[in-house]
Amino acid sequence: MTSTRPTGTESPLDALPDRWRSLREAGPVTYDEAQGQWRVVDHRGVSAVLAEPGTYSSDLTPITPTQQDFETFRRGNFVGMDPPEHRTFRTLVSQAFTPRVVQALEPRIEAVCARLLDGVADRDRFDLVDTLAHPLPIIVIAELLGIPADDHRLFQEWAAVLFGGDQLGDSLDTADLEKALEAVAPTVREMNGYVLDHIRHRRAHPGDDLTSSLLTAEVDGTRLADEEIVGFVALLLVAGHITTTALLGNAVVTFDRNPGTLATLRGNPGRLPGAVEEVLRLLPPFPELGRRTTRPVVLGGHEIPADTLLMAHLGAANRDPSRFDDPDVFDVARGPNPHLTFGHGIHFCFGAPLARLEARIALHMLMERFPALAVPSYDDVTYQNPAVIVGVRHLPIVVTRP
């Protein structure tokens, strides 16, 4: 089943395909004078950049603004690390996200989904984000970390400040980043303090959770200090739910704007995983990943100096016509679907299996409970800053029950 016909009022998400197409048409590698950065936009080039951490480093600290409150967070943020340090942290967290462990979470995810949807059992209109897309992944990750899930509203507020992009324009530049760091510093300070208190509590009172495991885990005879675990846990807690939140909202918007999709998926539920992958391809929650050149390189015929910011554009690469047939078409039966939304190489998102499972369960339950589901007005939908996150902040929907 394919469709390109959108319905309803124009959405900011509708402008992304043309914007990303114009990036590709400018060439696979281009320099943005206004932002002072290079950009790679083709699938082959983005894959190559993400696969070479020795040349394209994830540690951007030498070339980006710093702020003291972020230093504690940075110590355990393995997303911004290179080998061999990255391997230590990645090994630790991978032990908690094996396919077996993730699959064992299915009954709990189903129970949380059911409880959240029971909360709107008497309503035919509700906000999908507030009701399901935000609380579901936060509750799941908080329980994994042994953190009180009742505090999920607090975690949601942190994520809104850290990833909302309210301090940024449509494009990221150094001046915007410096202002944003100062603006969100109090939130980072609060989050660091909360997480450090949790770590100290778990050190005194160990439990059967990931935080307790991190306190005792060793890699090559090394244990993590409390301050290192702060950034580690905070990353999992706040960033760990964002992809699922965005994915669920983007999926409902995509299904709604491609008539017949929900009917197709209800008639053939086996196509739901493929539909989820298509949503991820078309609307990657994080559209760009930053890398720093560690040495002078020649890329796409351009000479790029060392210590230069290079943005790998996942959104543009996911619609590269040299890699995908009819790249702007939403096709639930597309296969293969080698999108780069979860990254590539050593930094491939370790939480991808959990995000996929949460999305499949939540979307399946929505279709089971509601024979009809629609977005009544896109005028009432609010959006994230697409320069930071591609997704919705609020998504009012109307439903009918059997």
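Is Asp 326 buried or exposed? I shall open with that residue and then widen the view to the chain as a whole. What we have on the screen is a predicted model. In this model, Asp 326 is exposed, with a relative accessible area of 56%; the cut-off for that word is over 50%. The residue sits in the loop between helix 15, residues 314-317, and strand 10. Its backbone also deserves attention: although Asp 326 is not a glycine, its phi is positive, at about 45°.

Asp 307 counts as partly exposed, because its relative accessibility is 44%.

While we are on loops, let me turn to the cis peptide bonds. One of them runs from Pro 83 to Pro 84, with omega near 0°. Pro 84 belongs to the loop between helix 3, residues 68-75, and helix 4, residues 85-94. Another cis bond, again with omega near 0°, joins Gly 335 to Pro 336. Pro 336 lies in the loop that leads from strand 10, residues 330-331, to helix 16, residues 352-369.

Now to the overall architecture. The chain contains 16 helices and 14 strands. Its radius of gyration is 21 Å, close to the 21 Å that the globule rule gives for 402 residues, so the chain is as compact as a globular protein of that length. Taken along the principal axes, the C-alpha atoms fill a box of roughly 55 × 55 × 35 Å. Of the 402 residues, 54% count as buried.

How do the contacts of this chain relate to its sequence? If we take contacts between residues at least 6 apart in sequence, 75% of them join residues at least 24 apart.

As for the surface, the accessible area of the chain comes to about 16,900 Å², and carbon and sulfur atoms account for 51% of that. The chain carries 37 positive and 54 negative charges, and the mean positions of the two sets are 4 Å apart.

Five strands form an open sheet with mixed pairing, in the order 2-3-9-6-4. Its edges are strand 2, residues 29-32, and strand 4, each of which pairs on one side only. Further in, strand 3 and strand 9 run parallel and are joined by three bridges; within that pairing, Val 40 has Ala 312 of strand 9 as its bridge partner. Strand 9 also pairs with strand 6, this time in the antiparallel sense and over five bridges. Finally, strand 6 and strand 4 run antiparallel and are joined by two bridges, and Tyr 56 finds its partner in Thr 293 of strand 6.

Why can helix 2 be called largely enclosed by the rest of the structure? Six of its eight residues, which span 43-50, are buried, and that is the reason for the description. The buried residues are His 43, Gly 45, Val 46, Ser 47, Val 49 and Leu 50. They pack against strand 3 (37-40), strand 4 (56-57), strand 6 (288-293), strand 7 (297-299), strand 9 and helix 15. In general, an α-helix has 3.6 residues a turn, so residues three or four places apart point the same way.

My last stop is Thr 244, which is found in helix 12, residues 226-257. With a relative accessible area of 1%, Thr 244 is buried, given that the cut-off is under 20%. Which residues does Thr 244 contact, leaving aside its neighbours within four places in sequence? They are Pro 137, Ala 355 and Glu 358. For a sense of distance, Thr 244 and Gly 146 are 98 residues apart in sequence, and their C-alpha atoms are 20 Å apart in space.

To close, I return to the contrast between individual residues. With that, I conclude the presentation.

Notes:
Residues are numbered from 1 along each chain as its sequence is written. This is a predicted model: local features need pLDDT of at least 70, side-chain atom pairs count only at pLDDT 80 or more; totals for chains, interfaces and linings use all residues. Side-chain values use heavy atoms; hydrogens and water are left out. Helices (H or I, at least four residues) and strands (E, at least two) are DSSP runs, numbered from the N terminus. The radius of gyration is taken over C-alpha atoms; the globule rule is 2.2 Å times the number of residues to the power 0.38. Buried means under 20% relative accessible area, exposed over 50%, partly exposed in between (1.4 Å probe, protein chains only). Contact means heavy atoms within 4.5 Å. Accessible areas come from the Shrake-Rupley method with a 1.4 Å probe; for residues, only the protein chains shown count as cover. Lys and Arg count as positive and Asp and Glu as negative; His and the chain ends are not counted. The place of a charge is taken as NZ of Lys, CZ of Arg, CG of Asp or CD of Glu. Two strands pair if DSSP finds at least two bridges between them.
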